Amino acid sequence: TLKVHGSDSFNDFYGSFIVVHYNKITKQYLIANDAMGDFAVHYYESAGTLHISDLPQTLLNNQNSSLNHRRLLHFFAMSKPQNNGCFFEKIKQLNPGHCLAISNNILNITRYYYPETSVNKQSLSIDDLALQFKSLVQQIIIHQTHGHKKVGVMMSGGMDSTFVAANCQLAKKQVNTYTYVFPNIPDANESLWVDAMRNRGLNMHTFAGESYWPLKSPWPISLNAPINNPYRHLKSTIYQQAQTQGIKYLLTGVFADHLYTGYIYWLVDQIRLKPMTAIKSLFNTTKNKGGLSCLKQISPAKFSSRIKTNSPWMTRDSQSEIKNNKMHQNEFKHPHPQQFDLVYGVSTAQSAFLENEYAFKHNLFVRHPFRDRRIVEFLMSLPAWVLGDIDNPKRFVRSSAKNSLPSSIINRTNISTLMPLFHKGVYGKEFKKVKEVLTDSSCQWHSYVKKDFIQNLITHPEKFHKESEQVILWQCLNYELWRCRIAETSP
């Protein structure tokens, strides 16, 4: 197929992959990653040789370890780069759905995958669409697990991961689930909903997560990126358990919220596609939620294809650079820009493939059904009002989970949070380390983030701080730990 159709053939490839193909006749190399970018291709040129790897760490040396300033701007601004997501200036990352062709020592990059940029005015009922979706999920699970009868699922008490576990069973899999609970941290504990999944034929494994706080020594620091999950120890414990029990494929419900977030455009889509229904919805929303809530559903920003970047914690120079360089301009115009950006963004792909570094250490393949291109295309094609609305944001997934999950999970309204565990580590057990790292004279985070912003957080840890503010603290901390790790490994 590649010989006949060249890079266009990659459109027929599904799943996560990297392909390196050499045509002896044309003497051309084709190198590509999957459409979603869940496996990455990194490369750099040196002395007439092209070096290629899935992760940048393998390619790093003294000549190519300078940092990518533009990527770091996105990192601190919490915005999403549209190209070259690598944090090293001279190492390039092939964008999702792209192909690198090499012929006569000339490199040429082309896009082979073009996401759909429209939604369909569905004529099927939500129940019929939900049945299609469940069937598709089961097909994806079968394809992603490559014939393995026994699989694992990282399962919380939420609807997404339990939905994956239930559909693994419907796909005739033997399912081991792995869950952390917090008996002594009520805001984080999901035991009530996890226990609702018992007696359903799952081989369930739970462990108490209180002792796995962020930064607890030994704390892993990757060379690949300054991105690090604060709950790394929890995930690593699951990987260890799965490996011990002979699991090769571990599935998750991660990234589902990126797809379901499209519901925020529910009234906008009705205005565009079903104006008479929209008039009724406007009236009912105003009556039941108030005029202000109704206006928020149809704010001008939701009709725009642009996503505004607002990062008040950034220094004035950094904000100016982001604005002047128009760093957040997406080449695709989708009616659900926020949903599209989350699903197809380079940084989302990055968070998927960077996890491989940790999973591979335990001989595990982590698979995300909600990152499969077929599921993505299916859900992205639905009008927003099918996904949900202001009264029922998860309407579609609830319909899909009907008869597969306990009603306590389907109808759950409580939101749990791991922030108490974050506080335990960052502002408690490891606070001395946090202050030492962020106040060291060699720090460079303040080239991007205002000094007083971080100073306020570490000077007044007892005060209430927004979760978004603490995320920036975590970004700064990981950036400094990452820079130190790079310096330590340099000859």
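## Histidine 446

Histidine 446 has a relative accessibility of 28%, and therefore counts as partly exposed (buried means under 20% relative accessible area, exposed over 50%, and partly exposed in between, with a 1.4 Å probe and protein chains only). The model is predicted, so local features need pLDDT of at least 70 and side-chain atom pairs count only at pLDDT 80 or more, whereas totals for chains, interfaces and linings use all residues. Residues are numbered from 1 along each chain as its sequence is written, and side-chain values use heavy atoms, with hydrogens and water left out.

Histidine 446 lies in the loop between α21 (431-439) and α22 (451-459), where helices (H or I, at least four residues) and strands (E, at least two) are DSSP runs numbered from the N terminus. When residues up to four places away in sequence are not counted, histidine 446 touches Thr315 and Lys451, contact being defined as heavy atoms within 4.5 Å. Its C-alpha atom is separated by 8.5 Å from that of cysteine 476, which is 30 residues apart from it along the chain.

## Leucine 473 in helix α23

Leucine 473 belongs to helix α23 (residues 467-489) and is buried, with a relative accessible area of 1%. Leaving aside neighbours within four places in sequence, leucine 473 is in contact with Val426, Tyr427, Leu438, Ile454, Leu457 and Ile458. For isoleucine 458, which is 15 residues apart from leucine 473 along the chain, the separation of the two C-alpha atoms is 8.8 Å.

## Helix α8

In helix α8 (residues 266-273), the residues Trp266, Leu267, Val268, Asp269 and Gln270 are buried.

## Strand β8 and its partners

Four of the five residues of strand β8 (residues 150-154) are buried, which leaves the strand mostly covered. Strand β8 runs parallel to strand β9 (residues 174-181) and is joined to it by five bridges (two strands pair if DSSP finds at least two bridges between them), with glycine 152 standing opposite asparagine 176 in β9. Between β8 and β9 the chain passes through helix α4 (residues 159-170), and this β-α-β crossover is right-handed, a term that applies if, with the strands pointing away from the viewer, the path from the first strand over the helix to the second runs clockwise.

Strand β8 also pairs in the parallel sense with strand β11 (residues 249-251), over two bridges, and leucine 251 in β11 is the bridge partner of valine 153.

## The antiparallel sheet

An open sheet is formed by four strands in the order β1-β2-β6-β7, with antiparallel pairing. Strands β1 (18-23) and β7 (106-111) stand at the edges with a single partner strand each, so one side of each is left without a neighbour in the sheet. Six bridges join β1 to the antiparallel strand β2 (residues 28-33), and asparagine 23 has glutamine 28 of β2 as its bridge partner.

## The chain as a whole

The chain has 23 helices and twelve strands, and 54% of its 491 residues count as buried. Its C-alpha trace spans about 65 × 65 × 50 Å along the principal axes. Of the contacts in the chain with a separation of 6 or more, 73% are between residues 24 or more positions apart.
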